Amino acid sequence: MKRIKIILTLIVCTSFAYGQESKTPMNNIKVNIFSPIVKTGSFFYERKINTNSSAQLGVGFTAYNREGIKINGTFFTPEYRFYLSSSKEAMEGFYVGPYVRYQNLKIEDGQTT
């Protein structure tokens, strides 16, 4: 319960932070800062294609180990994003985005029979 309260507090605090000025960049690199809480890491690269769309590639890994159960793996997520706001450029505002994810996980149970 304490962990959930900490996560919610961090989400609320970071939702008001802005990492860029009003001019939209062509490239954006993102890191999920909450991933280490669940022993994963995820990194994303987004590139503006034109005024209303962008492409993003996500890469991540996990190395979860608890009570004899180990989960190791990686994922790759390519995504196309179409931004719906006509007053803002790509990489700003609300978007819809189809994506595909390739995920390779290995699960081991430490118990022997």
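How many bridges pair E3 with strand E4, and in which sense do the two strands run? E3 and E4 (residues 69-83) pair over 14 bridges in the antiparallel sense.

## Basis of the model

The model is a predicted one, in which local features need pLDDT of at least 70, side-chain atom pairs count only at pLDDT 80 or more, and totals for chains, interfaces and linings use all residues. Residues are numbered from 1 along each chain as its sequence is written, and side-chain values use heavy atoms, with hydrogens and water left out.

## Overall layout

The protein chain contains one helix and six strands. In sequence order the pattern is α-β-β-β-β-β-β. Helices (H or I, at least four residues) and strands (E, at least two) are DSSP runs, numbered from the N terminus.

The protein chain has 113 residues, and 19% of them count as buried. Buried means under 20% relative accessible area, exposed means over 50%, and partly exposed lies in between (1.4 Å probe, protein chains only). The accessible surface of the protein chain comes to about 8,700 Å², and carbon and sulfur atoms supply 61% of it. Accessible areas come from the Shrake-Rupley method with a 1.4 Å probe; for residues, only the protein chains shown count as cover.

A contact means heavy atoms within 4.5 Å. Among contacts in the protein chain with a separation of 6 or more, 43% are between residues 24 or more positions apart.

Two strands pair if DSSP finds at least two bridges between them. Strand E2 (residues 40-50) and strand E3 (residues 53-66) run antiparallel and are joined by ten bridges. Gly41 stands opposite Phe61 in E3. The link from E2 to E3 is a hairpin through two residues.

The hairpin of E3 and E4 also has two residues between the strands, and Glu67 there takes a positive phi near 50 degrees. Ser54 has Arg81 in E4 as its bridge partner. In a regular strand, side chains alternate between the two faces of the sheet.

## Salt bridges

The structure holds five salt bridges. A salt bridge is a side-chain nitrogen of Lys or Arg within 4 Å of a carboxyl oxygen of Asp or Glu. One of them joins the side chains of Arg81 and Glu46 at 3.5 Å, N to O. Arg81 lies in strand E4 and Glu46 in strand E2, so this pair ties together parts that are 35 residues apart in sequence. Arg81 counts as buried because its relative accessibility is 8%. Arg81 also meets Glu79 in a salt bridge of 3.3 Å, N to O. Glu79 is buried too, with a relative accessible area of 13%.

Another salt bridge joins the side chains of Lys48 and Glu89 at 2.2 Å, N to O. The pair links distant parts of the chain, with Lys48 in strand E2 and Glu89 in the loop between E4 and strand E5 (95-96), 41 residues apart. Lys48 counts as buried at 10% relative accessibility, whereas Glu89 counts as partly exposed at 36%.

## Glu46 and its surroundings

A network of salt bridges links Glu46 with Lys30, Glu79 and Arg81.

Polar contacts join the side chain of Glu46 to that of Lys30 at 2.8 Å and to that of Arg81 at 3.5 Å. A polar contact is a pair of N or O atoms within 3.5 Å; within protein, one must be able to donate a hydrogen and the other to accept it, and residues adjacent in sequence count only if both atoms are side-chain atoms. Leaving aside neighbours within four places in sequence, Glu46 is in contact with residues including Met26, Asn27, Asn28, Ser54, Tyr83 and Met91.

## Tyr64

Tyr64 lies in strand E3. With a relative accessible area of 31%, Tyr64 is partly exposed. Leaving aside neighbours within four places in sequence, Tyr64 is in contact with Val38, Lys39, Ile69, Lys70, Ile71 and Asn72.

Tyr64 and Ile107 are 43 residues apart along the chain, and their C-alpha atoms are separated by 9.5 Å.
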